[in-house]
Amino acid sequence: MNQSLRHVTELPGFAAAPTRFLFFTGKGGVGKTSLSTATAIALADRGLKVLLVSTDAASNLDEMLGVPLSNHPVPVAGVPGLAMLNIDPDDAAEAYRQRVLAQMEADASDAERQTVREQLSGACTTEIAAFDEFAALLAGEGDGTAGYDHVVFDTAPTGHTLRLLSLPKAWTGFLAGNDRGASCLGPHSGLKMQEARFNAALRALGDPALTTVVLVTRPDPRPMQEAARTADELRQLGLGNQRLAINGVFRASRSDDPVARAIEDLGRQAMDTLPDALAGLPRDEIPLRAFDTVGLPALRALFAAAPEAAPDTAPTAPETATHLPAEPLHRLADELAAARHGLIMVMGKGGVGKTTIAAALAVGLVQRGHSVHLTTTDPAAHVADTLNGSLPGLKVGRIDPKAETDAYIAKIMASRGKDLDEQGRALLLEDLQSPCTEEVAVFHAFSRVVNEARTAYVVLDTAPTGHSLLLMDATGAYHRQMTRQYEGSASARHIITPLMRLQDPDTTKVLIVTLPEVTPVSQAAALQDDLRRASIEPWAWVINKSIAATGTTDPLLLARLQGEHRQAARIASGLACRTFVLPWLPEPPVGVEALGRLV
């Protein structure tokens, strides 16, 4: 055993007796990446060959391990036997396009090749290409998994992961009844040839001797409820071998510290009232640590019985700037209310509190005399739960993928299918049953929301970063398609695409939400870079759950507070043009009244 594990007395159950495939899933921000990475390291330290795979488009594995992300296995320095792979949707999509183009006849014209490339430029292709790589890993093909004892998957937040894990079943069902392949993927998709791979992936996922799903949560009712819903949905998909990991369990060390007592009490109450879907699962509890889990020393210390002082985790900002020049949330609501209309997009890593901030601002705008449409693109959709009530002038909705897909199919059948004969309508409907149709339908719904903001307030609670970036990709692809289509024509000057509205600061204000911790801040900075590459400039940052002003004296919380100060200095040094802050609250702000007090 590696010397770095000398303090570990007993690994959590999911790491002590693992199956070949381990999936870590859960609501954003609960610690999936920390637990999956620490597990992969612990298994490799036992002399096993391990592949750590991220399926998150916004993965921060590179920061945690100091290894560049790649869509091919890369050895992790300092951990013999461990390799890391990131299924990057953009890289996967480009490789997929190249495979399709390579199958074209040698005498195909440049125009024909360009047509195929355009057909394969949308979000549908991106999703399928990423899924194809995921299925290959489960089937042991390509770079594959044949040489590894264990494959540990660090997944995207719950909604996106459920979509990914449902695809083997969706595509095998679609292909079984469609001998023409999926037309939305272009003339040379060759998906029918992949049917054996998809079937192998489906068998591996449903085999309890091969696959374990670790449902990761915090000792908090909200992520626990999401984990319970996930457990039920995964069982319906045939993934019944599940474990529960409760991460960040806090025990107060000072009885006279009301902040520490409140945090411990909230956690204990949550664990004492587990949802039924979780209560019967094998369970592991991982204590809250004083340090950020970045770097090998910290990741190896995560499972230690009594870790020493916090390891040196990462390069940090100077300690001198301990106070963040940030404004309270009510001032943000005041400034937004002065615009009279517009789209307010609340974005960020999963688990940072986007839904709370979005709901609070929507309530604040109504308090200031405006009508507001509060909606979400998040497949996990918690807006209604957060509001827990109604307010005159506030309309609440969501972009429901299933409802949007059904409506889109009905629209296409009524338009393109109205003049077809019975066989033609059957073929068209068969093609529209493709899982790709959902991505197109969701984009159209998003476009309607963007357009609505021309004359009214729309507050959009977005999905976690990776899923939102895929939606941005679809928006960019549509913009490029429209500009190419009308290039050189008189109509070109009058085209206004959804992307152009997102780029207009008078129409759209993007708010990036983060926690004052190294990984959320790094991912917020990466999100900001991605948005700027699309010429979308974030308007402000919101730092949520700051404990700097609570006056806590608990040693563990004070140790974590030092990390918060470092991140505050980092943000103040130029990451954000405007910064607003919401302090940590002893009671989660749920309900219209509680949200209204925040603004």
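**Reading a predicted fold: a dialogue**

Tutor: The protein has 23 helices and 16 strands. Keep in mind that this is a predicted model.

Student: How many residues does the protein have, and what share of them counts as buried?

Tutor: There are 599 residues, and 55% of them count as buried. The exposed surface comes to about 24900 Å², with 51% of that supplied by carbon and sulfur atoms.

Student: What share of the contacts joins residues at least 24 apart in sequence?

Tutor: Count the contacts between residues at least 6 apart in sequence: 77% of these join residues at least 24 apart.

Student: Which way do the side chains of β1 point?

Tutor: The general idea first. Side chains in a regular strand alternate between the two faces of the sheet. In β1, Phe-21, Phe-23 and Thr-25 point one way, while Leu-22 and Phe-24 point the other way. Residues on both sides of β1 are buried.

Student: Which strand is joined to β1 by 4 bridges?

Tutor: That is β5, residues 150–154, which runs parallel to β1. Within this pairing, Phe-24 has Asp-154 of β5 as its bridge partner. β1 also pairs with β6, residues 211–217, through 5 bridges, again in the parallel sense. There, Thr-25 stands opposite Leu-215 of β6.

Student: Last, helix packing. At what angle do α16 and α17 pack?

Tutor: Helix α16 (residues 401–415) and helix α17 (residues 422–432) pack at about 155°, and their axes are 11 Å apart. Angles over 145 degrees count as roughly antiparallel, so α16 is roughly antiparallel to α17.

Student: Is the crossing of α16 and α17 left-handed or right-handed?

Tutor: The crossing of these two helices is right-handed.

Student: Which residues meet where α16 and α17 pack?

Tutor: From α16 come Tyr-408, Ile-409, Ile-412 and Met-413. They meet Arg-425, Leu-428, Leu-429 and Leu-432 of α17.

Terms used:
Residues numbered from 1 in each chain as written. Predicted model: local features only at pLDDT ≥ 70, side-chain atom pairs only at ≥ 80, totals over all residues. Heavy atoms only, no water. Buried < 20%, exposed > 50% of the residue type's maximum accessible area, 1.4 Å probe, protein only. Contact = heavy atoms within 4.5 Å. Areas by Shrake-Rupley, 256 points an atom, 1.4 Å probe, with all protein chains shown as cover. Pairing = 2+ DSSP bridges. Axes fitted to C-alpha atoms, helices over the stretch in contact; angles between N-to-C directions. Parallel < 35°, antiparallel > 145°, perpendicular 65-115°, else oblique. Left-handed = near helix turned anticlockwise from the far one by under 90°.
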